[in-house]
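Here are a few exercises to work through with the structure open beside you. Try each task before you read its solution.

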Amino acid sequence: MLWGKKLLPLLSDDSRGFAISLDLLLALIPITLVIGFVASDMDNLLFQMEDTVFRSSMDRAAGDAMSTLLETSGTPSDWEINGNTQIVGLAQLDPSTNTPEQGTVDPVKLAALTAPEVQQLVGNQYSFYFNASTINNSGTPVSLKTLGNSSFGSAKDVVRFQRIAQASQFKVVSSLIKQIQYIGGSRSFSIPTFQTSFTSNQSYDYWILIANNVGFTNATVNVNNNPINFNSTNINIAALINPNFLTTNSTSQGQYYNNTVTLNATGSFPSSMDIYIVQAPKNTAPGAITTRSVVPQPSNFILYLWLK
């Protein structure tokens, strides 16, 4: 061996190129794996994002529909009467201000509500189930309205939206509450007027309901000066107002007229009562007109929504 010669390098130029290429390939393996994992996660992320968007859209549709139902009276506000419905709303209309009483449902509007009208609110891409019932911890809740299909079938995702509002089965068109009390002898009370028309008398009956809290034994209710008598045996039973007692005009069928109501009651101290004038569909049974069915009480309004 010649000591003066340089030692040969361990790797030739070709070998160095091979080693560098091998290093690069080895370095690309984890990068490729990372890219694969990222791509896989991106698919999953995109799916989750798409699912979230659909769910958010359903949440918004259900919330908007419920807000429209319970916070507005609809367009026009008397859609339940004239039938020319553009947007339905269930909130009772305050006649003194002509504004909706948010959270208080008009029983006539609720009774008139149909499935196609709710479908228009939520959108045709969704199926729905709508249910309204009173909240009653001491007995069976009263079902107020059910619309749509309660079977969700194979729906992948279902949105449930719930609101609580004041509602009743029948509409009180006039009342005097917590003001009729015995103060000695017999006393006359004036009840706020209520309106009827020839058309309304064809669809509805009007009832007098007395909630005799305690003490009163006799009462006479005059409707347009036509007396309706109550005694100790029937004072808590709803009495039908003879349609002939009501102010109407067949030549102006849609025109509403005022009806005056007075009450004269006798009893002993500490007598008190409330009185309600109730509007109910024709052929409603007398036993159905009770304080439970006419006094608004907290009620559940539930809307289920899912993609068709």
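Predicted model: local features only at pLDDT ≥ 70, side-chain atom pairs only at ≥ 80, totals over all residues.

Residues are numbered from 1 along each chain as its sequence is written, and side-chain values use heavy atoms, with hydrogens and water left out.

**Exercise 1.** Describe the protein as a whole.

*Solution.* Start with secondary structure: there are 6 helices and 14 strands (DSSP runs, H or I of at least four residues for helices and E of at least two for strands, numbered from the N terminus). Next, burial: 34% of the 308 residues count as buried, meaning under 20% relative accessible area with a 1.4 Å probe, protein chains only. Then look at contacts (heavy atoms within 4.5 Å): of those between residues at least 6 apart in sequence, 70% join residues at least 24 apart.

**Exercise 2.** Find the largest pocket and describe its lining.

*Solution.* On a 1 Å grid over the protein atoms alone, a pocket is an open set of points where a 1.4 Å probe fits, with protein on both sides within 12 Å along at least five of seven lines; lining residues have an atom within 4 Å of a point. The largest pocket holds about 1200 Å³ of space, the volume being that filled by probe spheres set on the points, which are joined across faces, edges and corners. Its lining has 39 residues, and L93, D106, K171, V172 and V173 lie nearest the centre. Strand β8 (residues 171-181) gives the largest share, 6 residues. Sorted by class, the lining has 18 nonpolar, 15 polar and 6 charged residues (nonpolar: Ala, Val, Leu, Ile, Met, Phe, Trp, Tyr, Cys and Pro; charged: Asp, Glu, Lys and Arg; polar: the others, Gly among them).

**Exercise 3.** Trace what N224 touches.

*Solution.* First place N224: it sits in the loop between β10 (204-223) and β11 (226-230). Leaving out residues up to four places away in sequence, N224 touches F245, L246, T247, N258, N259 and T260. Now pick out two of these partners. The N224 side chain reaches the backbone oxygen of F245 at 2.8 Å, and the side chains of N224 and T247 are joined by a polar contact of 3.3 Å (a pair of N or O atoms within 3.5 Å; within protein, one must be able to donate a hydrogen and the other to accept it, and residues adjacent in sequence count only if both atoms are side-chain atoms).

Definitions and conventions. Buried < 20%, exposed > 50% of the residue type's maximum accessible area, 1.4 Å probe, protein only.
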